[in-house]
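Here is a friendly walk through this structure for anyone meeting it for the first time. Please keep the model open while you read the points below.

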Amino acid sequence: MKLFIDTGSVAETEEIAAWGVLSGATTNPSLLAKEHGDPGDIIRRICELVDGPVSAEVVSSEPEGMVEEGKALASLHEHVVVKVPFSRAGLAATRELTTHGHRVNMTLVFSASQALLAAEAGATYVSCFMGRLDDISIGSAEVLAEIVAALRAGGPESQVLAASLRHPMHAVVAAKLGCEVATAPGKVLRQMLDHPLTEAGIERFGADWRARPEFGAWLEGLVRSGKVPVS
Ligand code: E4P
């Protein structure tokens with residue numbers, strides 16, 4: 001499963017892209033509205049940082065407006081994927097945009113039946129919001145499992161994107177269910193790093209090695225002797 005970052009923040013993207021784990025990013029109007037600066041510059045910079053698909057969302061409610069906005073957003077950078085909210089208008093816009101070669105991430109999908117329609121309209125990504133389902137006491141794992149099963153049953157080639165992740169277990173469940181992508185906020189990606197045994201293990205290895213200073217000198221020498229210029 002590929003990991004995307006769900007953000008409107010260049011700084012956060014920069015921080016986490018440096019870990020080497022990001023394959024793309026998703027933004028939305030709410031996330032971008034929290035940021036200062038030109039949204040186009042932000043989207044372009046995130047595209048450069050993740051060097052992969054970056055969803056940028058339309059806000060019109062009519063198909064014509066969605067298509068115009070989608071084309072304009074796609075012109076910002078080759079990595080931009082047009083994010084279109086699920087609705088009748090969204091489906092029509094998705095069909096139009098994909099017919100003209102644009103990739104679409106159909107967002108706000110909460111059921112397998114909606115996912116089937118999104119896929120038939122040509123969406124490359126179908127975004128199911130786990131956190132928002134759990135918020136209203138609908139089991140996100142069950143819904144996601146249905147969506148994955150429905151889209152894998154020989155239908156069109158859409159990727160299931162688990163979104164609205166609130167904690168690391170959402171990412172694990174999405175991976176186990178076979179989602180192609182999960183998009184997580186910086187907070188959740190940072191939580192995914194943590195394990196007390198990892199920290200304790202690093203501390204112990206370091207302490208044991210430091211107890212043998214001659215080993216430290218040996219490793220330093222080894223590094224120096226094999227020094228190859230970094231290309
Ligand atoms: C997905 O692409 C959305 O941007 C996002 O995951 C929404 O998450 P939220 O429910 O935390 O707002």
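Predicted model: local features only at pLDDT ≥ 70, side-chain atom pairs only at ≥ 80, totals over all residues.

1. Helices (H or I, at least four residues) and strands (E, at least two) are DSSP runs, numbered from the N terminus. Residues are numbered from 1 along each chain as its sequence is written, and side-chain values use heavy atoms, with hydrogens and water left out.

2. Eight strands close into it in the order 1-2-3-4-5-6-7-8, with parallel pairing; two strands pair if DSSP finds at least two bridges between them. From one strand to the next, the twist averages 30°. Axes here are lines fitted to C-alpha atoms, for helices over the stretch in contact, and angles run from 0 to 180 degrees between N-to-C directions.

3. Now follow the neighbouring strands. Strand 2 (residues 24–26) pairs in parallel with strand 3 over two bridges, and Thr26 has Ser55 of strand 3 as its bridge partner. Strand 3 and strand 4 are also parallel, with four bridges; here Val54 is partnered by Val80 of strand 4.

4. Which way do the residues of strand 3 point? Val54 and Ala56 point one way, Ser55 and Glu57 the other way, and all are buried. Buried means under 20% relative accessible area, exposed over 50%, and partly exposed in between (1.4 Å probe, protein chains only). In a regular strand the side chains alternate between the two faces of the sheet.

5. Helix 4 (residues 63–74) lies across strand 3 (54–57) and strand 4, at about 155° to strand 4. Helix 5 (residues 88–99) lies across strand 4 and strand 5, at about 165° to strand 5.

6. What surrounds the ligand? The residues are Asp6, Thr26, Asn28, Lys83, Phe129, Arg132, Ala163, Ser164 and Arg166, where near means that a heavy atom of the residue lies within 4 Å. Polar side-chain atoms lie 2.7 Å from a ligand oxygen atom for Asp6, 2.6 Å for Arg132 and 2.8 Å for Arg166. Taken alone, the ligand exposes 350 Å², and the protein buries 85% of that; the areas come from the Shrake-Rupley method with a 1.4 Å probe.

7. Back to Leu189: is this residue buried or exposed? Leu189 counts as buried because its relative accessible area is 3%. Leaving aside neighbours within four places in sequence, Leu189 is in contact (heavy atoms within 4.5 Å) with Leu3, Phe4, Ile5, Ile16, Trp19, Leu22 and Ala184.

8. Leu108, in strand 5, has a phi near 65°, a positive value in a residue other than glycine. With a relative accessible area of 29%, Leu108 is partly exposed. Ser137, in the loop between helix 7 (130–135) and helix 8 (140–152), has a positive phi of about 65° although it is not a glycine. Ser137 counts as exposed, at 70% relative accessibility.

Notes
Polar contact = N/O pair within 3.5 Å; in protein donor to acceptor, adjacent residues only side chain to side chain.
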